[in-house]
Amino acid sequence: MTNPPPPGNWSDPTWSAQPSSPAPDPTLVAGQPVPAQPGPVDPYAPDPYAPGPYAPVDPYAGAKQPAAQPMPGYGPPGYAPPGYPPQYPGYGYPQPPKTNGMAIAAFVLALIGFTSCITAPIGAILGHVAQKQIRLSGEGGAGMAKAAIIVGWILTGFLVLVIAIYAAAIIYAIATSDNSSSSY
């Protein structure tokens, strides 16, 4: 293929009648020869995917299976019961330890102390008892027990402070009251 000459009298020094590079060879891809297409398949050639003479043999292929008796609620015989199979030991995530019940109760009572203030010291004391049980038994819930102790004692301190302020206000009101109005 040749390039057309430039229009008019203008001369292009890069123009030539010959292409600058030879045409690409259609039998080459990236400089490598293209592989030939597979020919017709020989029907008498051995199957390359067939098992060889050393293929594994199932020793239980001819054994008879005992008749399975259906259990009520477990479906037809020969099928596994519904649900997930049991987990093999050593696989998956480890099971978390059982949470101490007293730690849960202490945490709940300490949080209820925000509204009642009476249950806060009970939650704090139960939190101390739960921490001791957790140290001895290895159960979970140490964080809940610690939170119950902290929240319970803080709310108990506020309760004592409020009672002290009320008592001081009552004592001040009694001390500054005018006793002359009581005599008629």
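**Entry 1. Terms and model**

I take buried to mean under 20% relative accessible area, exposed to mean over 50%, and partly exposed to mean in between, with a 1.4 Å probe and protein chains only. I note that this is a predicted model, in which local features need pLDDT of at least 70 and side-chain atom pairs count only at pLDDT 80 or more, while totals for chains, interfaces and linings use all residues. Residues are numbered from 1 along each chain as its sequence is written, and side-chain values use heavy atoms, with hydrogens and water left out.

**Entry 2. Overall layout**

I looked up the secondary structure and found three helices and two strands. Helices (H or I, at least four residues) and strands (E, at least two) are DSSP runs numbered from the N terminus. Along the sequence the pattern reads β-β-α-α-α. Of the 184 residues in the protein, 11% are buried. I define a contact as heavy atoms within 4.5 Å. Of the contacts between residues at least 6 apart in sequence, 49% join residues at least 24 apart.

**Entry 3. Helix 3**

I then turned to helix 3 (142-175). Helix 3 has 34 residues and reaches 49 Å from its first C-alpha to its last, close to the 50 Å expected at 1.5 Å a residue. The expected span is 1.5 Å times one less than the number of residues. Its buried residues are Ala145, Ala148, Ile149, Gly152, Leu155 and Thr156. These pack against helix 1 and helix 2.

**Entry 4. Helix 1**

Ala103, Ala106, Ala110 and Gly113 are buried in helix 1. Seen down the helix axis, these buried residues fall within an arc of 70 degrees, so they line one face of the helix. The arc is taken from the directions from the helix axis to the C-beta atoms. An α-helix has 3.6 residues a turn, so residues three or four places apart point the same way. The cover over the buried residues of helix 1 includes helix 2 and helix 3.

At the N-terminal end of helix 1 I found a cap from Asn100, with a side-chain oxygen 2.7 Å from the backbone nitrogen of Met102. Cys117 follows helix 1 and has a positive phi, near 60 degrees.

Ala105 also lies in helix 1. Ala105 is partly exposed, because its relative accessibility is 32%. Ala105 and Ala130 are 25 residues apart in sequence and 9.2 Å apart in space, C-alpha to C-alpha.

**Entry 5. Thr119**

I looked up Thr119, which is in helix 2 (residues 119-137). Thr119 counts as buried because its relative accessible area is 17%. Not counting residues up to four places away in sequence, Thr119 touches Leu109, Ala110, Ile112 and Gly113. A polar atom of the Thr119 side chain lies 3.2 Å from the backbone nitrogen of Gly113.

**Entry 6. Salt bridge**

I searched the whole structure for salt bridges and found one. The criterion is a side-chain nitrogen of Lys or Arg within 4 Å of a carboxyl oxygen of Asp or Glu. The side chains of Lys98 and Glu139 form this salt bridge, at 3.5 Å from N to O. The pair links distant parts of the chain, 41 residues apart: Lys98 is in the loop between strand 2 (32-33) and helix 1, and Glu139 is in the loop between helix 2 and helix 3. Lys98 counts as exposed because its relative accessibility is 60%. Glu139, at 24% relative accessibility, counts as partly exposed.

Notes. A polar contact is a pair of N or O atoms within 3.5 Å; within protein, one must be able to donate a hydrogen and the other to accept it, and residues adjacent in sequence count only if both atoms are side-chain atoms.
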